[in-house]
Amino acid sequence: AKSNNIDVRINNALKYIHENSNKNVSISELADIACITEDHFTRVFKREMSCTPVKYINQKKIEKAQLLLLTTRMSISDIAFELSFDNVSYFNKIFKQHANVTPSEYRRKYSK
């Protein structure tokens, strides 16, 4: 049976992703933290987390964006910028993939 203990190399990478969700985290940085090649890192990560590192990083960014949408009056473009997205339309696209609504719909729907 597979234990619940995530591969320690991946755990270190996850910690780094969580602490740097406002930065552009690259796979090469994460592979360095894990002390393995990028290819190997991506393989191990997918095995452990059932998704690609990029998808996981984006998911964490979107979770942070959701929080900012609900707890601040920051504009959507400021939030995108804050989370190191290159442009707002890309941010909107990724947000919608993860949350099934656009950032503005999300704010309208869930803001008190």
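Trainee: How many disulfides does a search of the whole structure find?

Mentor: The search finds 0 disulfides, a disulfide being a pair of cysteine sulfur atoms within 2.5 Å. This is a predicted model, in which local features need pLDDT of at least 70 and side-chain atom pairs count only at pLDDT 80 or more, while totals for chains, interfaces and linings use all residues. Residues are numbered from 1 along each chain as its sequence is written, and side-chain values use heavy atoms, with hydrogens and water left out.

Trainee: Is Cys 35 buried or exposed?

Mentor: Cys 35 has 67% relative accessibility, so it counts as exposed. Buried means under 20% relative accessible area, exposed means over 50%, and partly exposed lies in between (1.4 Å probe, protein chains only).

Trainee: And Cys 51, buried or exposed?

Mentor: Cys 51 counts as buried because its relative accessibility is 13%.

Trainee: Change of topic. How many helices and strands in the protein chain?

Mentor: There are 7 helices and 0 strands, taken as DSSP runs numbered from the N terminus (helices H or I, at least four residues; strands E, at least two). In sequence order the pattern reads α-α-α-α-α-α-α. The C-alpha trace spans about 45 × 30 × 20 Å along its principal axes, and buried residues account for 38% of the 112 residues.

Trainee: At what angle do α1 and α2 pack?

Mentor: Helix α1 (residues 8–19) packs against helix α2 (residues 27–34) at about 135°, and their axes are 8 Å apart. Axes are lines fitted to C-alpha atoms, for helices over the stretch in contact, with angles from 0 to 180 degrees between N-to-C directions. The pair is therefore oblique: under 35 degrees counts as roughly parallel, over 145 as roughly antiparallel, 65 to 115 as roughly perpendicular, and the rest as oblique.

Trainee: Which residues of α1 and α2 meet there?

Mentor: From α1, Arg 9, Asn 12, Ala 13, Tyr 16 and Ile 17 meet Glu 29, Leu 30, Ile 33 and Ala 34 of α2. Contact means heavy atoms within 4.5 Å.

Trainee: What about Lys 60, buried or exposed?

Mentor: Lys 60 is in helix α4 (residues 53–71). It counts as buried because its relative accessibility is 18%.

Trainee: Which residues is Lys 60 in contact with, leaving aside neighbours within four places in sequence?

Mentor: Those are Ile 17 and His 18. Ile 17 also takes part in the contact of α1 with α2.
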